[in-house]
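Dear colleague,

Please find the structure below for your records.

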Amino acid sequence: MQINRDNAEERDSCDPLGEFRDEFVLRPGLIYLDGNSLGPMHVSVRERMQACIEDEWANDLIASWNTAGWYDMPLRLGARIAPLIGADANDVVVTDSTSINLFKVLAAAIRLNPGRKVIVSERSNFPTDLYMVEGLSAFAGKGHELRLIDRPEDVAQAIDDSVAVVMLTHVNYRTGRVHDMADITRMAHEAGALVVWDLAHSTGALPVDLAGADADFAVGCTYKYLNGGPGAPAFVYVAPRLQTVAEQPLSGWFGHSRPFAFDPSFEPAKTIHRFLTGTPPVLSMTALEPALAIWDRVDIAAIRAKSVELCEYFIALVEQECAGFGLELASPRDSARRGSQVSFRHENAYAVMQALISRDVVGDFRAPDIMRFGFAPLYIGFVDVFDAVATLSDILQSNAWRDDRFQVRSAVT
Ligand SMILES: Cc1ncc(COP(=O)(O)O)c(C=O)c1O
Ligand SMILES: Nc1ccccc1C(=O)C[C@H](N)C(=O)O
């Protein structure tokens, strides 16, 4: 591959996804490689939020639960996410946060597998996933324990007949390494375990086939590649065969079979609704809905194809332009094993990333030594990749990152 800016411009000019970039609010000059943490705003969100606030809330008030479709939002938004994760429309709801949804599905899973006490996961999983298991195990008080693997390829040997649940994040948040969902799910089922998949870094980044893999439960967030906005509500998937038997403990009235019957005792809905708890955050969901609508016009296979090209281009350029500066690829080199991000280790990763951000190339830092770059094909092009690497190379060559202001750590990295 010839690596120059003309070549990048040419690739952008024949990019079938190029037209979507203008649908996102991104100020000129900004190269935003952090959509794997917080996606940008879709252009229609301002107007839609304005209408929701003025017409639906201020004017129509309580009637809007029926007339503006507020009540149906969890299922309506879930139905929009379903095709991206290989699920049917009725098997996904948007609700709560990923952490809370993990609690619900893990609790349901351990109840379905009462004789077993082990929950298998990865030490390098996103910490909230592990913390939720710790909290749930302590609360359940039945002696559940986490069995953590240190290398992703060790999942198989950790699964035996003591395992109640295998809980994994499909795409690792630091390295971008992808687990084989179908294979692991099959192994877990053969051993009598249930599987929970965290799709935080997968949804909208690469095709996922939950039903094809026969997955039991999945959760994921909507503020990364789905561009739902800061704190946008998460989603939960439950296999249809489990929806009448899986019981989750956060049994709020929105999970009741007839919430407006106001029965004094809880009777779970016989549908995915039983994974709802309380009143949906209508304003957040209103911002999420137009961001999800874009996926009606986008082929996830095209997203994946471009994502692979962007990541490969980035790796090739960094290795060519920044050789000798102590960068080490932390992501799998094989695209088939990598999500839509590329991570490099560097001794001074934090300062180098701060220097990049100061020059409008925004990625992020994950302790202790990772610089993480997310490539969201809806709004990132090949020229962006070229310019980002040129900036990185300049920062390394000039030692610009040594400036005192780049050493100060903020609360959110
Ligand atoms: C794999 C994974 N799970 C969960 C979360 C977050 O969960 P929550 O939205 O509950 O903070 C993140 C990122 O924040 C994540 O990367
Ligand atoms: N929710 C956030 C709030 C503040 C800062 C970052 C996040 C992230 O989502 C981090 C992301 N999950 C990660 O993979 O690091």
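A polar contact here is a pair of N or O atoms within 3.5 Å; within protein, one must be able to donate a hydrogen and the other to accept it, and residues adjacent in sequence count only if both atoms are side-chain atoms. This is a predicted model, in which local features need pLDDT of at least 70 and side-chain atom pairs count only at pLDDT 80 or more, while totals for chains, interfaces and linings use all residues. Residues are numbered from 1 along each chain as its sequence is written, chains are lettered from A and ligands numbered from 1 in the order in which they are written, and side-chain values use heavy atoms, with hydrogens and water left out.

Ligand 1

A backbone N or O atom of T98 lies 3.4 Å from an oxygen atom of ligand 1. The side chain of Y223 places an N or O atom 2.8 Å from an oxygen atom of this ligand, and the side chain of D129 has one 3.3 Å from a nitrogen atom of ligand 1. Of the 400 Å² of accessible area that ligand 1 has on its own, the protein covers 84% (Shrake-Rupley method, 1.4 Å probe; for residues, only the protein chains shown count as cover). The residues around ligand 1 include S97, S99, F126, T128, D198 and H201, where a residue counts if one of its heavy atoms lies within 4 Å of the molecule.

Ligand 2

The residues around ligand 2 are S37, F126, Y173, H201, Y223, K224, R366, R372 and V412. By class, this shell has four nonpolar, two polar and three charged residues (Ala, Val, Leu, Ile, Met, Phe, Trp, Tyr, Cys and Pro count as nonpolar, Asp, Glu, Lys and Arg as charged, and the others, Gly among them, as polar). A polar side-chain atom of K224 lies 2.5 Å from a nitrogen atom of ligand 2. Oxygen atoms of ligand 2 are approached by H201, with a polar side-chain atom at 3.0 Å, and by R366, with a side-chain N or O atom at 2.8 Å. The protein covers 68% of the 370 Å² of accessible area that ligand 2 has on its own.

Cysteines

How many disulfides are there, taking a pair of cysteine sulfur atoms within 2.5 Å as the rule? The count comes to zero. For C221, the nearest cysteine sulfur is that of C311, 18 Å away. The sulfur of C311 is 16 Å from the closest cysteine sulfur, in C322, and so too far for a bond. C221 is buried at a relative accessible area of 2%, and C311 is buried at 0% (buried means under 20%, exposed over 50%, partly exposed in between; 1.4 Å probe, protein chains only).

With kind regards

Note on methods
Disulfide = S-S within 2.5 Å.
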